[in-house]
Amino acid sequence: MTVYTAPLREMRFVLHDVLGAADTLTALPGFADSTADLMDAILAECAKLCEGVLFPLNQTADQEGCTFKDGKVTTPKGLKEAYAQYAEGGWCGLTADPEFGGQGLPETIDYLVSEMIGSANLSFGLYPGLTQGTILALTHLGTPEQKSYYLPKLAGGLWQGTMCLTEAHAGTDLGLLRTKAVPNGDGTYSITGSKIFISGGEHDMTENHAHLVLARLPDAPEGSRGISMFLVPKFLPNADGSLGKRNAVAPGSIEHKMGMKASVTCVMNFDGATGWLVGQPHKGLAGMFVMMNKERLFVGSQGFSTAETAYQSAAAYAKDRLQSRAADKPAYPDKPADPIIVHPDIRNRLMFSRAIIEAGRTLAVWTHLQVDISHKHPSPAARQHADDMVGLMTPIVKASGTDYGSEIANTCLQVFGGHGYIREHGMEQLVRDVRITQIYEGTNTIQALDLVGRKLGIDEGRLFKGWVYEVDKTLARLNGRNDMAEFTGPLKEGVERLKSVTLWMTEAGKADPNARPAAAVDYLKLFGLTAFAWAWVLMIEAALLKTNDDADFAAAKVLVGRYFMQRVLPQTISLDAVIRSGSQSMMALKEGAF
Ligand SMILES: Cc1cc2nc3c(=O)[nH]c(=O)nc-3n(C[C@H](O)[C@H](O)[C@H](O)COP(=O)(O)OP(=O)(O)OC[C@H]3O[C@@H](n4cnc5c(N)ncnc54)[C@H](O)[C@@H]3O)c2cc1C
């Protein structure tokens with residue numbers, strides 16, 4: 001069976017010992033209450049909900065799935081009650097503005113909450129995850145009326161937010177979308193079109209839905225510059241704010257999917273539905289990116305979340321399952337065989353998982369700290385630098401989190417042998433569930449193209465240089481520390497390699513238009529691993545400061561960090577070679593020969 005205990009100690013280590021998050025946050029306007037004690041209390045409360053309510057539902061909800069009958073979606077047994085408890089606890093509006101019913105807490109803490117919820121029940125977490133993105137978009141772009149009407153209901157979890165972008169012929173390339181928005185002359189618009197793959201598009205857990213829909217106005221220019229964003233509620237508001245008649249938006253069907261079966265995915269038909277413009281006409285894609293950037297980081301958390309559950313489950317199984325003897329001498333001569341954790345290959349899988357999960361958590365929490373700084377810091381220069389870091393790290397957290405989430409779910413399934421492939425153990429569910437995270441919110445290829453095509457190019461590499469500056473600060477601080485040399489040495493080499501490859505990417509693009517897109521996915525991986533090496537140096541630095549009480553914890557950190565430096569980071573050497581091989585090896589074969 002899968003097991004999950006919220007890794008609170010690890011989370012507190014990252015928040016307090018590694019990043020000193022409370023000091024940074026409490027100095028920001030509006031976050032004076034975000035002390036270490038408050039953050040610990042929130043994490044402990046969330047852990048109770050995840051371990052006691054959401055995790056026990058994970059497997060049954062997967063087996064039952066969502067059903068669609070007479071235009072209505074029914075979620076699996078227990079989900080509605082769990083959602084009510086979740087909403088009641090104020091979790092939907094954790095980061096929302098207190099003026100509109102939110103708790104006004106930092107994104108930093110929200111990341112760890114999302115991680116726990118995803119570990120406990122990935123499908124469940126997607127519903128509030130989308131509502132939070134809708135809240136963010138409306139907070140930034142909504143009119144005062146839209147904010148005061150919608151935000152309290154969304155923050156209270158009474159209404160579900162969705163993002164309606166994808167159409168059958170327009171997925172990655174949203175410039176192709178055809179849904180139309182015609183002005184009604186009274187400030188509203190008539191929205192007509194069909195959207196597919198809409199997560200949470202319809203269900204029985206909330207009384208209303210607020211759909212954010214991308215559509216084209218009659219005078220819209222072609223392509224992505226002609227897209228506007230509209231707010232389309234399932235039930236229209238009466239003059240007094242109560243729920244009125246049903247709007248002309250309804251699910252046509254639900255998708256039958258590989259995984260995340262308790263998260264409903266709908267075809268949504270808009271048949272002249274009444275909508276309201278959000279933000280400027282023709283600027284809807286940029287507006288939607290307010291939501292998408294948050295969702296991309298959220299999806300990254302889904303990858304790391306799944307990895308954590310897979311790792312915990314595999315570690316427990318490896319200590320219990322008896323097969324064969326240790327290579328040197330029997331570890332448990334009184335038993336018929338040794339537990340499989342004695343075998344180097346099993347340990348390799350577990351160490352790899354842990355080395356990635358712990359570095360990934362540190363990098364993701366650091367990135368969310370930058371989100372908070374970018375929103376709240378009084379200094380414009382500090383806000384800009386933090387915003388640069390968020391922009392650079394978003395594709396890396398999304399793609400690395402989900403690629404490794406999938407890889408770790410698979411490698412941990414392998415630890416279970418054939419039992420991993422059998423449904424009752426729950427490991428195959430993790431593999432199925434996490435797979436979509438590499439695809440939605442912009443496939444991981446699109447994340448890599450965003451990194452190399454857009455983020456690296458901004459202001460002659462300002463974002464990249466800003467991140468290297470952060471790493472250089474760490475290395476300067478640790479200069480001369482012999483106890484850190486086995487970690488700082490590989491990081492230094494890694495950053496030099498990354499700088500050199502980045503320069504190659506800039507030059508190569510000039511001669512061969514395919515060179516950068518051909519290298520993008522490998523480049524993102526190389527960047528991610530180098531960023532993880534930085535995260536490991538920060539963790540080891542903090543671990544070495546631990547007192548005797550935490551000696552075992554600190555010693556384990558050093559061992560896992562050493563594993564990362566010796567067995568994972570060297571992958572960047574081969575990635576370097578692969579990237580520099582250019583595009584010809586994949587572009588030379590004629591299309592007809594495939
Ligand atoms: C379960 C689920 C939930 C979803 N939830 C939502 C939702 O709530 N709202 C919503 O609007 N959408 C949602 N989606 C849609 C999702 O975001 C899209 O599936 C995704 O963006 C990819 O689009 P596509 O499926 O049309 O693939 P395509 O765009 O057709 O891409 C096919 C392949 O081509 C690659 N590709 C495309 N362009 C390029 C390029 N320029 N360079 C290199 N490779 C390229 C892609 O990476 C991919 O591998 C969901 C999808 C699923 C399956």
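**Figure 1. Helix α7 and the glycine that follows it.** Glycine 157, with a positive phi near 80°, follows α7. The model is a predicted one, in which local features need pLDDT of at least 70 and side-chain atom pairs count only at pLDDT 80 or more, whereas totals for chains, interfaces and linings use all residues. Residues are numbered from 1 along each chain as its sequence is written. Helices (DSSP runs of H or I, at least four residues) and strands (E, at least two) are numbered from the N terminus. The 12 residues of α7 (residues 144-155) should span 16 Å at 1.5 Å a residue, and the end C-alpha atoms are 16 Å apart, in agreement; the expected span is 1.5 Å times one less than the number of residues.

**Figure 2. The bend in helix α10.** At methionine 393, α10 bends by about 35°, and proline 395 follows within four residues; the bend is the angle between axes fitted to the seven residues ending there and the seven starting there. Glycine 417, with a positive phi near 55°, follows α10.

**Figure 3. The largest nonpolar core.** This core comprises 177 residues, and Cys50, Leu212, Phe230, Tyr523, Phe532 and Trp536 have the most contacts inside it. Its largest share, 21 residues, comes from helix α16 (residues 515-543). A nonpolar core is a set of buried Ala, Val, Leu, Ile, Met, Phe, Trp, Tyr and Cys residues joined through C-beta atoms within 7 Å. Leaving aside neighbours within four places in sequence, tryptophan 536 is in contact with Ala359, Phe487, Gly561, Phe564 and Met565.

**Figure 4. Lysine 590.** Lysine 590 lies in the segment after α19 (584-587). This residue is exposed, because 7 other C-beta atoms lie within 10 Å. Lysine 590 and proline 339 are 251 residues apart in sequence and 52 Å apart in space, C-alpha to C-alpha.

Methods:
A residue is buried if 20 or more other C-beta atoms lie within 10 Å of its own, exposed if 12 or fewer, and partly exposed in between; C-beta atoms are placed from the backbone. Two residues are in contact if their C-beta atoms, placed from the backbone, lie within 7 Å.
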